[in-house]
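Have a go at each before you read the solution.

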Amino acid sequence: MNSTQTPSLFNGAHPLRADVESFYHLTKGEHAGKACQGTACFAARHLNPGCWAEAMQNKPRVYCLGECFAAPAKGQTNPRPPVKITSRQSVVLGRLANGNARTIKAYIEQDGYTALAKALKSSPEDVLSAVEKSSLRGRGGAGFPAGRKWRSVAGQKEQVRYVVANADEGDAGAYIDRYLMEDDPHSLIEGMILAAYAVGAAKGYIYLRSEYPLSGTVLRQALVDAHAAGWLGDKIGGTDFSFELEVYAGHGSYVCGEETSLLRSIEGNRPEVMARPPYPTESGLWGKPTLLNNVETLINIPWIVNHGGEAYAELGFSKSRGTKVLSLNSLFNRPGLYEVEFGVTVRHIIEELGGGLRGGGTLKGVIIGGPIIGMIPPHLVDTPLGFEELGAIGAGVGHGGVVAFDEHTSIPDLVEHVFSFGAYESCGKCTPCRSGSARIEDIFANAMAGDATKADLQECRDLVTALKLTSLCGHGTGLARFAESILRYYPEEIEPCFK
Ligand SMILES: Cc1cc2nc3c(=O)[nH]c(=O)nc-3n(C[C@H](O)[C@H](O)[C@H](O)COP(=O)(O)O)c2cc1C
Ligand code: SF4
């Protein structure tokens, strides 16, 4: 298939119960060919006002098609982003930079499945210990140490275990996992087989957002080819290890990227977020120990197995080791996918990689891994890319999508946009998230309309505190983090609206 064909949407999805279906936004492929309303498209709406106006009319809304380098985007024409590696070692993006490795033949020609062949000659403990030594941290947002999670699953008494790849990639501005899955699908499959071998799982799922139909088609073909080559199925490589893998297509819900929600979704249950503990490592899919990692996290594994955990830990800096893929949005002069080592500054990302802002625009701020994460104002762009370092300024590494805002975006407008998204995608379990986000959206809409009687900044601050203190998951706390960064760094744009 060439990259411009749009494959069928819900091949393989299970039928939904009525009470479950009502949770989702896109159960009938409503997003096909529609314009996107995500934050990267919002930031670039002046580049194509017609496309943005169309996006704002969509019911249901369509968020994040994974084409933020060409934002505002209207899917799915399947364009390809530019790809560049600037790290000393290319761990993740090598095959994309060489064109692609969509077929198993191309993957094998570029060292594919050598890590698995090597691992099968050693013990699961060797794989586990390499991951621990690598200091790899999850790339899905939370930065949790991968080795600790793997060790926990491997140590459970229950023998039925699962491996799940989180391919929901809902963060606005992130289009990393999409192109990895479409142009290097076997690297994810190999990473998942290695994970299953290490933790003793016999079954795995790739939870894929439905807005990425081409990813689904490519992955399903890759699974067939991996089976035919003997890398999936019974007695892999002549050992006693057996593993089956399938793709599960989501139905349009940002919150289903959250791990407990995602697992309920695969089970066919209403995917409201659940309190932890117990963590999925102890009680995940169908109550069994489950290793759930992000796509990019898993794609690091073959390199770690081939080169050793120590070699991986030599890359990066501070407590953030290895490389990270960043996806730059269309407001940069050079949007695209970049593999960098942790430790580069945000300024380096904006100026050296992105080539500054398109049309000589003035940087108002940048969100990395948003939108439910703090905004980085221009005076803090010398902060290095690192989990703790960005966390200390109220921002984060998140998923690695980099969205810049220029003078076309007013900060109150951005707040309304983010809270509108937050309210629309809330799972509804916590009141401050369900009702409070919609209220903050309203307050800012009223403030911008000049109706100060319906816009109280103190009420807004109180709602943000409630969101921060009482939210069950990172959706609510992330919205609070975003709002706090705005109230802290942009008072000169916020306060005049409320007078
Ligand atoms: C609202 C919400 C949405 C999330 N969406 C994603 C997502 O799309 N992809 C992802 O990998 N992690 C997402 N996460 C994080 C997951 O819950 C989980 O931490 C992650 O997938 C674990 O994998 P990792 O350890 O490899 O990062 C989300 C979290 C929250 C709270
Ligand atoms: S914070 Fe929001 S999305 Fe998360 S559990 Fe509560 S209501 Fe659901």
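This is a predicted model: local features need pLDDT of at least 70, side-chain atom pairs count only at pLDDT 80 or more; totals for chains, interfaces and linings use all residues.

Residues are numbered from 1 along each chain as its sequence is written, and chains are lettered from A and ligands numbered from 1 in the order in which they are written.

**Exercise 1.** Work out which strands stand at the edges of the open sheet of 5 strands.

*Solution.* Start with the order, which is 1-9-8-11-10, with mixed pairing. Strands here are DSSP runs of E, at least two residues, numbered from the N terminus, and two of them pair if DSSP finds at least two bridges between them. Next, look at the ends: strand 1 (83-85) and strand 10 (365-368) each have a single partner strand, so one side of each is left without a neighbour in the sheet. Now zoom in on strand 8 (residues 323-328), which pairs with strand 9 (residues 336-341) in the antiparallel sense over 6 bridges. Val 325, for instance, has Glu 339 in strand 9 as its bridge partner.

**Exercise 2.** Find which domains ligand 1 lies between.

*Solution.* First, see what the shell is made of: 5 nonpolar, 11 polar and 5 charged residues, with Gly counted as polar. Then ask who contributes: strand 5 (290-294) gives the most, with 3 residues. Finally, domain 2 (83-313) and domain 4 (411-498), with bounds from an automatic or database domain assignment, both give residues to the shell, so ligand 1 lies between them.

Key
Helices (H or I, at least four residues) and strands (E, at least two) are DSSP runs, numbered from the N terminus.
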